[in-house]
Amino acid sequence: MASENISEFYAAVCAEHGIKLNPHIVDVLEKTAVTENVTLKLAGNNRLRRVQRLDDKDVLALSKCLRNNTRVTAGLDVRYNNITDDGAGHLADLLQEDSSALLSLNLMFNNIQTNGADVLAKSLQYNSTLLSLGLSGNKIENRGAMHLASMLQVNNTLKELQLADCDLATQSVIAFAIMLKSNSSLHSVDISRPLLFSHQEEWAVHFSEMLVLNSSLVELHLGKMGMTDTGMERLTEGLLLNHSLRYLDLRCNRVTRDGLSLLAKVLKHNPTLEVIDLSSNRIEDEGAVYLSEAVAWPGCVLRELSVSSNNIRTEGLLSLAQAMKVNKTLSHIYIWGNHLEEPVCQAFGELMTSGRLPPEQTDVSAYEVDGQVFLAELTHSLRRHYYSTDSDGTDTSNHR
């Protein structure tokens, strides 16, 4: 079988280079049927059983193995391992091979730093197959991010780039905005939680200008940016003129009711925004009312909304419940972490009982005690990535 061949080849490579066999890799290779659309899932955070995390030597053996098995064409998932810059170098060598068939590479939450980002960026200047690169959680910092931003001037294949929690600075955040003005291949970008020390929010001006010019980006993650209403004002200027973005992630910022009044105007006129994550801001009742007016506005296409943990009380939450009765397009709403008083519990309980709000499409569940309705928390939430590239390389930007 093909799986036996690739596992045997891995064992031979390890013997040749004096590398100890990693039982996790052996197990995955033996169980994986090597087809044209296979993804090797070697994440180090398996919740069901303890696995041996991959290090740089494991990556060296694995990259040599894949170099001679070009039928592995979908992806390599090596999240949550102990891969450093040396391991990134081995993977960069693989990506530069003419025979490389990888469509996705997930390196999130390893120990890759600036030099590792540099070698990966250089390899992607010549690679024409990789569609998705996940580097979130690696401390590549400003210089590493600058290397990746420069790569976007040359690479016209990559569709998804995840750089959350990478300690980006203002310079590299702005560099990505500038590159995205002319890049027409990226569909999804995540630069959440950079380290921004300026309170002037210059980055928001550049991203606003980018949104006016870019017509290919459909998913943008700007969580934990420290954005205030001033930044929201700048950003909405671009959103009003953008007709491609479908998913906007603004979680964990400092947006209040004033910022929501501006975003509500966008929702009334923007024909494409379908998913918005506003969780962990502070929009309160007035912000929720602005949002409800936009949702009830004829032509609003918003499908999924999270306003969890926003200090919203009865007035704001009831207005959102009423808006759902008016606009049938909004199918998912997440409200936990706000003030769920009895009228709110009754209103959302009625939405669930009537079938308007299915239990799998919200983060609360209604129950009754002594004739009074309460809401309990469910673990449901917005999916973090909607319109990105699937692990088999399929473009999902048109999925609903």
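**View 1. Arg 79 and Asp 77 meet side chain to side chain in a salt bridge, 2.8 Å from N to O.** A salt bridge here is a side-chain nitrogen of Lys or Arg within 4 Å of a carboxyl oxygen of Asp or Glu. The model is predicted: local features need pLDDT of at least 70, side-chain atom pairs count only at pLDDT 80 or more, and totals for chains, interfaces and linings use all residues. Residues are numbered from 1 along each chain as its sequence is written, and side-chain values use heavy atoms, with hydrogens and water left out. Arg 79 is partly exposed, at a relative accessible area of 25%. Asp 77 counts as buried because its relative accessibility is 11%. The cut-offs are under 20% relative accessible area for buried, over 50% for exposed, and partly exposed in between (1.4 Å probe, protein chains only). A search of the whole structure finds 15 salt bridges.

**View 2. A salt bridge joins the side chains of Lys 139 and Asp 167 (3.7 Å, N to O).** The pair links distant parts of the chain, 28 residues apart. Lys 139 sits in the loop between strand S4 (132-134) and helix H6 (141-151). Asp 167 sits in the loop between strand S5 (160-162) and helix H7 (170-180). Helices (H or I, at least four residues) and strands (E, at least two) are DSSP runs, numbered from the N terminus. Lys 139 is partly exposed at 34% relative accessibility, whereas Asp 167 is buried at 17%.

**View 3. Lys 181 and Glu 209 form a salt bridge at 3.2 Å, N to O.** Lys 181 lies in the loop between H7 and strand S6 (188-190), and Glu 209 in helix H8 (residues 202-213). They are 28 residues apart, so the pair links distant parts of the chain. Lys 181 is partly exposed, at 28% relative accessibility. Glu 209 is partly exposed too, at 37%.

**View 4. Tyr 80 and Phe 109 are stacked, with ring centres 5.1 Å apart and planes at 5°.** Rings of Phe, Tyr and Trp (its six-membered ring) pair if their centres lie within 6.5 Å; planes under 30 degrees apart count as stacked, over 60 as edge-to-face and the rest as tilted. Tyr 80 lies in the loop between strand S2 (75-77) and helix H4 (85-96). Phe 109 lies in the loop between strand S3 (104-106) and helix H5 (114-124). The pair therefore ties together parts that are 29 residues apart in sequence. Tyr 80 is partly exposed at 27%, as is Phe 109 at 34%. The whole structure holds three aromatic pairs.

**View 5. Tyr 367 and Phe 374 make a stacked aromatic pair.** The centres are 5.6 Å apart, with 25° between the planes. Tyr 367 is partly exposed, with a relative accessible area of 40%. Phe 374 is partly exposed at 29%.

**View 6. Helix H11 (residues 284-295) packs its buried residues against helix H10 (257-269), strand S10 (304-306) and helix H12 (314-326).** Contact means heavy atoms within 4.5 Å. The buried residues are Asp 285, Gly 287, Ala 288, Leu 291, Ser 292, Ala 294 and Val 295.
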